[in-house]
Amino acid sequence: MSKEVYNPYQELLSTIDQAGKKLGLNSNDYKMLKWPERELKVSIPIEMDDGSLEVFDGYRVQHSDSRGPYKGGVRYHPAVDIDEVRALAGWMTLKCSLVDIPFGGAKGGIKCDPLKLSKNELKKITRRYITMIEPIIGCDVDIPAPDVNTNAQIMSWMYDTYSMIKGHNIPGIVTGKPQIIEGCKARQGATGRGVMITVENLFNKLAKELKGVSVAIQGFGNVGMVAAELLAEKGCKIVAVSDVSGGLYDKNGLNISKIKEYLGPERKLLSEFNKGGVTHIGNSDLLCLDVDILIPAALENQITAEIAKKIKADYIVEAANGPTTIEADKILASKNIKILPDILANAGGVIVSYFEWVQNKESVRWEDEEINKRLRRLLTEAFNEVWKTYEKEHVSFRMAAYMVSLNRIVETKKIRGIFP
Ligand code: NAD
């Protein structure tokens, strides 16, 4: 599928349709999910450091709140557009339902290149964005969180801005905050930890050992780096990792802690990493390596039909949202390559966001150990539900996950009825 015709929201709708048919639902039962419930487009004017004025496009899309307040991250990236934000919001609705937490789905985005912005400019964009979307967000209404290129610092500015507008502290307005301002320490690594737990759940079902299993990871950010570290701890051999600048490969396994140490808090680029034994490879080379597990952890639309034909991994675990196109999905199925879908594999982040939100609302603090135990329990329950449907219905893991999730949303909608 070429980049021009790729539309992530249409891909999501098509998968929902397939799941609805498999479940034998009447299309009226889930028709409402095809339209996000509310969308806000804002134009964010910023006085840049050099005195010039720039205006950035910002979005907040609230896809569905039938199962709880809208919930979803905010992405800062040059490729952000309305269809991407709609798709990300829709995936959140399905993800929260699949792991059975009381949230609906939303997402936000600002079309900008954070690598070209100073800290001061980023802060101004963040504060102005929150001020402009303030009428539609709230601790019980819609709760933002981090996504690509947003982090705990940005969440702190969001929390502060919203609290200033309201005149008192409302920590539950965003999740992914630093621990010192009522964030949850485990949140930062939660998505990567969830990826590791999902891989463990799969290998447990297959009665296979993780020791020595080879893994390639595209995207070495918040999610990919933690997944790499935790899988290496479990004995996996991480043979390749990459970021936007390219990838590193070592058939004997990379030293993930050394790479992390080199990148530092300022997150240098992998292309500048020059240590013996490591070969530099391109991002599409990484996707086509002969490994046991491939983990896309960067952006959507990475595993296209063209790439899918060349993929040699046995399993794909989608840490990123929407990395595989529908056309690629079909090709991979014909090659018997199994995919653990995004709405299951990367749900660890929103699960721990839910825990952070509960703690903020109740002014309590849970230990990391308690949080990680609860995370594992919810993810494993969701995994087992998906596995049961996969075996019973003879469908892919993705279809099984959509069926479990959609069924729950439809049941909720039916019991609530439609107002008026
Ligand atoms: P991040 O900004 O921390 O990291 C993204 C990484 O991908 C960086 O290493 C970047 O250099 C790399 N990258 C960007 N474009 C690339 C390309 N074309 N090829 C290879 N690498 C590229 O973002 P993140 O928070 O780790 O998010 C990664 C993915 O995980 C996204 O799809 C996001 O929606 C999804 N996700 C994130 C969370 C979370 O808690 N942060 C939760 C669920 C899902």
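Colleague: In which sense do strand β6 (residues 214–218) and strand β7 (residues 237–243) pair, and over how many bridges?

Modeller: This is a predicted model, and what follows is computed from it. Strands of a sheet can pair either parallel or antiparallel, through backbone hydrogen bonds. For β6 and β7 the pairing is in the parallel sense, and the number of bridges is five.

Colleague: Which residue of β7 does Val215 stand opposite?

Modeller: Strand β6 covers residues 214–218, and Val215 falls within that stretch.

Colleague: Which strands form the edges of the open sheet of seven strands?

Modeller: The order of the strands is β9-β8-β7-β6-β10-β11-β12, with mixed pairing, and the twist from one strand to the next averages 20°. An edge strand pairs on one side only, which is the case for β9 (279–281) and β12 (338–340).

Colleague: How is the aromatic pair of Phe355 and Trp366 classed: stacked, edge-to-face or tilted?

Modeller: The count of aromatic pairs comes to 11, and in this one the ring centres lie 5.6 Å apart, where the limit for a pair is 6.5 Å. The planes make an angle of 50°, and because stacked requires under 30 degrees and edge-to-face over 60, the pair is tilted.

Colleague: Where in the chain do Phe355 and Trp366 lie, and how many residues apart are they?

Modeller: Phe355 belongs to helix α12 (residues 348–362), whereas Trp366 is in the loop between α12 and α13 (368–393). Phe355 is buried at a relative accessible area of 4%, while Trp366 is partly exposed at 22%.

Colleague: Which residues do ring pairs link into a cluster with Trp366, and which charged residue sits over the ring of Trp366?

Modeller: The cluster linked by ring pairs consists of Phe103, Tyr354, Phe355, Trp357 and Trp366. The charged end that sits over the ring of Trp366, 4.2 Å from its centre, is that of Arg374.

Methods
Residues numbered from 1 in each chain as written. Predicted model: local features only at pLDDT ≥ 70, side-chain atom pairs only at ≥ 80, totals over all residues. Heavy atoms only, no water. Phe/Tyr/Trp six-rings, centres within 6.5 Å; stacked < 30°, edge-to-face > 60°. Helix = DSSP H or I, 4+ residues; strand = E, 2+ residues; numbered from the N terminus. Buried < 20%, exposed > 50% of the residue type's maximum accessible area, 1.4 Å probe, protein only. Lys NZ or Arg CZ within 6 Å of the ring centre and 35° of its normal. Pairing = 2+ DSSP bridges. Axes fitted to C-alpha atoms, helices over the stretch in contact; angles between N-to-C directions.
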